[in-house]
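Here is a short briefing on a protein model.

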Amino acid sequence: MSAVRMLRVPGRHGYAVEFSPYLPGRLACATAQHYGIVGCGTLLILDQNESGLQIFRSFDWNDGLFDVTWSENNEHILVTCSGDGLLQLWDTARATGPLHVYKEHTQEVYSVDWSQTRGEQLVVSGSWDQTVKVWDPTVGNSLCTFRGHESVIYSTIWSPHIPGCFASASGDQTLRIWDVKTTGVRIVIPAHQTEILSCDWCKYDENLVVTGAVDCSLRGWDLRNVRQPVFELLGHTYAIRRVKFSPFHASVMASCSYDFTVRFWNFSKPDPLLETVEHHTEFTCGLDLSLQSPTQVADCSWDETIKIYDPASLAIPG
């Protein structure tokens, strides 16, 4: 593995990282004090340079920040979500903020995602209040609320292919596929027999969604036939906190876990585990793969560090 760029942020435990879709080397990280149990949170905007990572901006919030997503139409804008049930809209061109706060959820908001399909400017949020909400960030209130999950919602992710379509993963052990146009659930998949903490949509296949769960497994689901997973990846030894498909390789993905590791997989291979990265000393919660560099990865952990690196497995073609 190449040299790791690292930043230590004392007293801040990392929950989520996301590379800017516009600026190479720019990264956002959502953090919380005291492992997110009590205290405030900080949104960090980081830039890479030769010496490592430096803070470009930091914004404090009076509750822990659990997720972050960049705008897909403005390089300066991002949205975070927090333990007090709020979403915050930030502008990196301004030293203070937020520009706007959205208050509708009644419990912790654990997931936010900005739609990637052209012509839409929508944000989806998932909360411990068992609802999913879809927002137009230019409007002060949500456009619609989706009910159906029977436990906390940990992950909400837009389809990169189908406008107005998103997936959600929940403590009720289901993966659900929703459609904004019908405001109802399209598919309910009993994907695991434990809480599902993460899901992601394949960038190359509109029918493929992956789930990561407390049972330490990753499962791939073909939405045309959901009776059985199309693959199952085993190797993590504690709950899988986040999973991300590669933007560059159709069958490659990464996952991070409460076992302190990040693992890289190619689910098309007989031996799918490509590499295990063990460079954190606490729960690893945040993970993202760069849209600009085929090999660059960022992660963050409760060990107060944020790291950017190039795992050897992603440097190998195919």
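Which residues line the largest cavity? They are V79, L87, Y102, V123, W135 and P137. This is a predicted model: local features need pLDDT of at least 70, side-chain atom pairs count only at pLDDT 80 or more, and totals for chains, interfaces and linings use all residues. Residues are numbered from 1 along each chain as its sequence is written, and side-chain values use heavy atoms, without hydrogens and water.

**Cavity**
- On a 1 Å grid over the protein atoms alone, a cavity is a set of points where a 1.4 Å probe fits but cannot get out; lining residues have an atom within 4 Å of a point.
- The structure holds one cavity of 30 Å³ or more.
- The largest cavity has about 30 Å³ of space.
- Its lining has six nonpolar, no polar and no charged residues.

**Pocket**
- A pocket is an open set with protein on both sides within 12 Å along at least five of seven lines.
- The largest pocket holds about 770 Å³ of space.
- It is lined by 45 residues, with E18, E72, D113, Q116 and K203 closest to its centre.
- Elements giving two or more residues to this lining include strand 2 (13-19), strand 6 (65-70) and strand 26 (284-289).
- By class, the lining has 22 nonpolar, eleven polar and twelve charged residues.

**Sheet**
- Strands are DSSP runs (E, at least two residues), numbered from the N terminus, and two of them pair if DSSP finds at least two bridges between them.
- Strand 23 (residues 252-257) and strand 24 (residues 262-266) are joined by five bridges.
- S255 stands opposite R263 in strand 24.

Terms used
Grid points are joined across faces, edges and corners, and a volume is the space filled by probe spheres set on the points. Helices (H or I, at least four residues) and strands (E, at least two) are DSSP runs, numbered from the N terminus. Ala, Val, Leu, Ile, Met, Phe, Trp, Tyr, Cys and Pro count as nonpolar, Asp, Glu, Lys and Arg as charged, and the others, Gly among them, as polar.
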